[in-house]
Amino acid sequence: MSQHTKILLEESEIPTHWYNVIADMPNPPSPYLAPDGTQVPADAMMAIFAPDLVEQEFSTQRWIEIPTEIREIYRLWRPSPLFRAQRLETILGTPAKIYYKYEGVSPSGSHKSNSAIAQAYYNKIAGITRLTTETGAGQWGSALSLAGSMFGLTVRVYMVKVSYDQKPFRRSMMQTWGAEVLPSPTTLTESGRTILANDPHSPGSLGIAISEAVEEAASRKDTNYTLGSVLNHVLLHQTVIGLETRKQLEKVGDYPDIIFAPCGGGSNVGGMMFPFLADKAAGKQIRLVAVEPTSCPTLTRGRYAYDYGDSMGLTPLMNMYTLGHDFMPPGIHAGGLRYHGDSALVSQLYHEGILEAQAVAQLATFKAGIQFAKAEGIIPAPESNHAICAAIDEALRCKETGEAKTILFTLSGHGHFDMSAYDKYLNNELDDLIYPEAALQASLSNLPIVSS
Ligand SMILES: *Cc1c(COP(=O)(O)O)cnc(C)c1O
């Protein structure tokens with residue numbers, strides 16, 4: 001074994017600035033639109049978002065300084081380690097090198113804390129005292145609950161009802177940090193009541209929970225809404241992942257040929273890959289691949305169109321890959337990947353052929369995750385297993401061709417709260433859920449019509 005199994009940075013090497021990919025995109029991002037086709041002004045977004053976050057959302061400045069207060073909290077887990085998966089390489093018998101950036105070291109167990117801390121901070125300095133949000137699998141809700149406790153903000157989390165029932169310990173974790181957690185749909189909002197009137201036993205969805213959280217934030221002056229993925233400012237905050245990784249690879253004199261990251265709303269894809277995009281634009285041969293589930297195949301089977309970010313149509317329309325805002329994802333265990341849409345930035349770069357995407361089936365992801373856990377020790381989040389699965393496939397292709405590629409992936413979180421999913425897999429109770437074409441066409445037929 002070489003000495004480079006674990007590649008660490010000093011605390012002083014925590015990035016001082018986030019990287020804003022908008023400054024370097026070949027084309028400006030598509031505007032956010034209202035249903036009448038007019039551009040949604042920044043002011044309108046300030047009704048539910050902190051002013052600094054809205055400014056970041058539309059900023060074209062390449063580097064945005066990370067406030068000291070945020071870097072101080074980042075020090076709890078950043079810089080996060082980069083590992084070389086040498087034991088996995090040996091087991092696979094591949095000539096490829098495999099690196100992974102481990103974000104499960106944050107107190108909430110995933111990369112989501114990188115943006116949660118920033119969002120709570122900017123709301124705090126704007127005089128906001130309450131935050132609402134949604135959570136599916138619970139990782140974002142946990143991250144925001146942690147951030148709320150650090151800045152003394154009240155946090156209310158609308159948690160998708162199936163997850164609320166399936167993942168009681170994620171709920172306890174949020175409550176430990178002082179958050180209030182409600183199973184969505186609730187009867188507290190108009191959005192929740194509308195859904196329940198149609199389907200009293202609705203299992204909920206991320207789209208519905210977003211509607212509830214947005215509606216509440218819009219109705220109260222002391223309250224803002226926060227989103228754990230998708231929006232430009234969230235991807236911006238996550239670029240600490242890629243910026244650190246670049247430095248870590250430089251330390252060992254290496255550079256990736258291909259990067260994989262699991263893709264739900266696109267925040268860890270953007271966070272890891274955007275800092276490598278400028279190199280690609282400058283002619284560097286590097287492939288950037290977002291990996292999504294076959295059961296929620298937003299990039300690989302969705303349509304590039306204007307759609308709402310929530311179920312009820314309360315958010316602005318975003319130009320993104322979408323399965324349709326009333327898409328009901330099957331109950332797969334990578335809950336963090338069950339979203340109908342995707343980041344507009346990731347969507348545009350994918351549409352322009354700069355990023356690639358690939359879909360993998362549930363059973364293969366658990367098989368890969370378990371192989372990884374046995375080799376490397378860390379039990380990955382089911383979401384992360386998607387990137388692992390793609391990375392192992394690539395390493396095995398290298399074995400066939402004899403190419404000594406450098407493969408890198410984001411290990412976006414640990415799976416300690418997902419052991420019931422592992423349990424089901426180990427007991428042969430999991431299936432591959434392929435999203436049926438007819439259901440996809442049905443939800444796509446309800447895309448909003450934007451007048452021009
Ligand atoms: C939320 C989550 C994801 C997917 O979200 P992105 O915004 O696409 O990054 C992936 N992995 C983990 C561990 C998550 O918590």
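Between them, domain 1 and domain 2 of this predicted model bury about 4,600 Å², of which 63% lies on carbon and sulfur atoms; buried area is the accessible area (1.4 Å probe) that two parts lose on being put together, summed over both. On the domain 1 side, the greatest losses of area to domain 2 fall on L236, H237 and F417, which together account for 17% of what that side buries. Domain 1 comprises 5–13 + 77–109 + 236–444 and domain 2 comprises 17–66 + 110–232, with bounds from an automatic or database domain assignment. Their C-alpha centres are 21 Å apart. Contact (heavy atoms within 4.5 Å) involves 54 residues of domain 1 and 61 residues of domain 2.

The rule finds 31 residue pairs in polar contact across the interface, both residues at pLDDT 80 or more. A polar contact is a pair of N or O atoms within 3.5 Å; within protein, one must be able to donate a hydrogen and the other to accept it, and residues adjacent in sequence count only if both atoms are side-chain atoms. On the side of domain 1 that touches domain 2, at least two residues each come from α11 (232–251), α12 (267–281), β12 (303–308), β13 (317–322) and α14 (344–351). Helices (H or I, at least four residues) and strands (E, at least two) are DSSP runs, numbered from the N terminus. The largest share, 7 residues, is supplied by α11.

Residues are numbered from 1 along each chain as its sequence is written, and side-chain values use heavy atoms, without hydrogens and water. Local features need pLDDT of at least 70 and side-chain atom pairs count only at pLDDT 80 or more, whereas totals for chains, interfaces and linings use all residues.
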